[in-house]
Amino acid sequence: MISQSSRHCTVELQALPSRIGQVRRIVSAQLRYWHLDPLIDEAALGVTELLTNVHRHAQPDKLCTVEIELLRDRLTVSVHDHDPRMPTVRSADPFATHGRGLAMIAAVSESWGVRPQGALGKTVWFTLPAPPAVGLPSRPAYGTKATAPKATGPCLRKRPALVLTEGRAGHPRTPARLPAAG
């Protein structure tokens, strides 16, 4: 069977200011591990803005899941929270200190959007084009046996109140759950 290769990383957390900085560093380290250094600034900015929105606006809780996934030539970063209310892009006053997050994501990303999930909340996502040099092979070389890569990298290191998982397309990716410390 030939399946499309992917790389995937999931982080569950409480969107608190101290955790947002940790996740920003985790995303940066994971992209370095995947040799996607040119995408670090945009991905870190975008995930910071999305997590800040969860921290400021999400109800009933601040628990969320950040996912980054590389499928061939596209990196997708998404944040799922439990608040079913849809975010809106605002036009901020030039001197305002907040209110530009989604506009900044729209400016630096290739595309972005929101997937409503009813009473389960929503997922806000954005995509970045991956450099061609890091594209993943679509299938194993002829005559070789496909094997699952050994799970390694920054995404797999556990930090307090954060649970991280990595997987490949076609394989179950059920993140472990830990109680998130506030």
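Modeller: Helices (H or I, at least four residues) and strands (E, at least two) are DSSP runs, numbered from the N terminus. This is a predicted model, in which local features need pLDDT of at least 70, side-chain atom pairs count only at pLDDT 80 or more, and totals for chains, interfaces and linings use all residues. Residues are numbered from 1 along each chain as its sequence is written, and side-chain values use heavy atoms, with hydrogens and water left out.

Colleague: Which pattern does the chain follow along the sequence?

Modeller: The order is β-α-α-β-β-α-β-β-β, with three helices and six strands.

Colleague: Which residues make the contact?

Modeller: Contact means heavy atoms within 4.5 Å. From α2 come E42, L45, G46, E49, L50 and N53, and from α3 come G101, L102, M104, I105 and V108. These residues divide into six nonpolar, three polar and two charged; Leu, Ile, Met and Val are among those that count as nonpolar, Glu is among the charged, and Gly is among the polar.

Colleague: What percentage of the chain's residues count as buried?

Modeller: Buried means under 20% relative accessible area (1.4 Å probe, protein chains only). Of the 182 residues, 41% count as buried.

Conventions. Buried means under 20% relative accessible area, exposed over 50%, partly exposed in between (1.4 Å probe, protein chains only).
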